[in-house]
Amino acid sequence: MTCDTRLIMSVLIQNGKEILEGLKLLVDVGGGTGTVSKAIKCKEAIPNKENGGKLIIIDMIIFDNKEKSGDDKSCETQLFYDMLMMVLLGGKEKNEQEWAKLFLDAGYSDYKIIPILGLRCVIEYLKNMTTLCNNDIKQVLAAKTHIWNYTFNYVSSMSLKCAIQLGIPDIIHSHGRPMALSDLVNALPIDNKTKGQDYIYRLMRILIHDGFFLQEGDGYLLTPNSRLLLKDEPLNILPFVQFGLDSIVIDPFHYLSQWLQNGEYSSTPFETTNGNTIFEKETKINRLLNEGMACDARLVMSVLIQNGKGQLFEGLKSLVDVGGGTGTIAKAIADAFPQINCTVFELPHVIEGLEGSKNLSFVGGDMFSSIPCANAILLKSVLHDWSDEDCIKILKKCKEAIPSKENGGKVILIEIVMDQNKDDDKSYETQLLIDMLMMILLSGKERSQQEWAKLFYDAGYSDYKIIPILGLRCVIEVYP
Ligand SMILES: C[S@@+](CC[C@H](N)C(=O)[O-])C[C@H]1O[C@@H](n2cnc3c(N)ncnc32)[C@H](O)[C@@H]1O
């Protein structure tokens with residue numbers, strides 16, 4: 001808080017001198033959260049308005065509608081801060097109406113908001129003030145908002161985790177029409193519904209801001225984003241989100257700098273923190289990974305097959321899905337193309353007990369040793385798990401398993417190509433996030449087109465084709 005106060009005071013003294021001018025005595029009262037009782041105590045300690053008595057508050061005023069503040073980053077950071085107050089102190093950030101009510105309840109006559117501190121305002125009642133900032137100060141305040149926003153970005157992910165754990169998307173969905181806050185609170189598995197209502201309101205407010213819910217009149221509705229989190233939605237990606245937000249995945253990020261300093265890169269930050277890899281048998285993380293990847297595979301295959309991109313597989317007689325998890329992709333291909341013999345080639349423990357069908361089989365093994373022969377090899381989200389050296393080894397093993405290009409041999413990859421989505425900010429940012437995840441969890445990385453091309457040529461392939469049909473990711477056909 002000291003560094004925050006330093007910055008605030010430097011702005012206040014440069015731009016808001018009038019607020020303090022004329023005062024002879026000033027008491028700086030403790031801080032913390034604004035309450036009526038504190039405001040009443042303050043009122044007892046100051047002279048009346050006519051004699052220059054005033055209460056000066058430096059605090060946030062939540063902008064309930066974005067147009068009013070005109071700054072999305074500030075709004076979002078205020079919502080992060082509000083959630084932080086809920087979790088750390090039981091406090092809250094207030095909107096203008098809530099502040100006004102507090103002043104009125106504490107017996108004050110009037111107030112004035114002086115928005116000169118970026119995210120926060122000075123609130124007092126009395127004289128007219130200059131509220132303009134010079135450009136330097138505006139820049140410092142914007143930088144401060146940016147840093148706060150970045151610092152508290154996890155509040156978004158954690159709010160989503162909480163909503164999923166409480167089952168909010170399913171509850172709103174079953175309601176079948178816009179769901180009022182009180183109905184939502186009544187349907188939630190929480191004990192103290194009276195006090196809980198305000199907390200749930202604030203949780204919903206940040207999730208509305210983040211695009212997970214909509215508000216229609218007084219009721220909450222789902223958005224396409226929360227629809228993908230419904231338990232009964234066939235293409236839901238709940239298990240993937242549960243994997244990504246589990247503390248086993250998040251914890252190693254706390255040790256990234258330590259890991260970089262130690263320089264022992266033969267094990268990942270994940271291994272250093274947890275003592276095992278994410279592919280290890282009978283671990284919680286491996287179960288979460290397999291379930292998460294299976295739901296991702298379901299969605300990818302539905303896009304590929306339903307959108308007529310099944311031609312990728314046309315003409316093939318056999319296909320091996322290397323590192324194919326529990327077989328979601330291979331099963332979808334086997335069902336859609338009965339003439340293709342599909343094989344899932346995986347670490348033995350991942351496919352233990354899984355039953356094949358007429359044109360689907362499961363084979364346990366290690367892709368670094370040898371891969372079963374087929375017309376085509378599929379690798380979805382496998383190569384990004386590995387270093388360049390390991391990828392070249394895998395790609396060489398794939399090449400040994402397929403016929404020549406003239407005879408239809410190919411490797412099909414489903415992977416991120418870093419420079420494909422640069423004009424879509426959200427996609428590019430998500431790719432950067434996944435790249436960092438690959439650094440932490442595995443020794444992998446996300447690659448640009450040039451980096452992919454180098455890998456293919458180094459592994460002895462002659463050509464490749466990028467097909468950007470999967471949003472964040474692409475299909476890449478690689479020819480021997
Ligand atoms: C990120 S997951 C991708 C799973 C699946 N392809 C998908 O996208 O749904 C990587 C997979 O590679 C498998 N794998 C790791 N090492 C392997 C090896 N040496 N041989 C075969 N599979 C391996 C893991 O068990 C895991 O299922």
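User: Which residues does the UniProt annotation "domain: O-methyltransferase dimerisation" cover?

Analyst: This is a predicted model, in which local features need pLDDT of at least 70 and side-chain atom pairs count only at pLDDT 80 or more, while totals for chains, interfaces and linings use all residues. Residues are numbered from 1 along each chain as its sequence is written. UniProt positions are given in this numbering, with feature names shortened, and annotations may be inferred rather than shown by experiment. According to the UniProt record, an unreviewed entry, the annotation covers residues 148-232.

User: How much of the chain over residues 148-232 is helix, and how much is strand?

Analyst: Helices (H or I, at least four residues) and strands (E, at least two) are DSSP runs, numbered from the N terminus. The end C-alpha atoms of residues 148-232 are 37 Å apart, and over this stretch the chain is 62% helix and 12% strand.

User: In what order do the three strands of the open sheet stand?

Analyst: Two strands pair if DSSP finds at least two bridges between them, and S6 is joined to strand S7 (residues 219-222) by four bridges. Strand S5 (179-180) and S6 each have a single partner strand and stand at the edges, so one side of each is left without a neighbour in the sheet. The pairing is antiparallel, and the order is S5-S7-S6.

User: Which residue in S7 is the bridge partner of Gln 215?

Analyst: The strands S6 and S7 run antiparallel. In S7, the residue bridged to Gln 215 is Tyr 220.

User: Is Leu 214 buried, partly exposed or exposed?

Analyst: Leu 214 belongs to strand S6 (residues 213-216). A residue is buried if 20 or more other C-beta atoms, placed from the backbone, lie within 10 Å of its own, exposed if 12 or fewer, and partly exposed in between. Because 13 other C-beta atoms lie within 10 Å of Leu 214, this residue is partly exposed.

User: Which residues does Leu 214 touch, not counting residues up to four places away in sequence?

Analyst: Two residues are in contact if their C-beta atoms, placed from the backbone, lie within 7 Å. With residues up to four places away in sequence left out, Leu 214 touches Ile 208, Leu 221 and Thr 223.

User: How many residues of domain 2 are in contact with domain 1?

Analyst: Domain bounds come from an automatic or database domain assignment, which here gives domain 1 (2-151), domain 2 (154-233) and domain 3 (243-479). Nine residues of domain 1 take part in the contact, and from domain 2 the number is seven.
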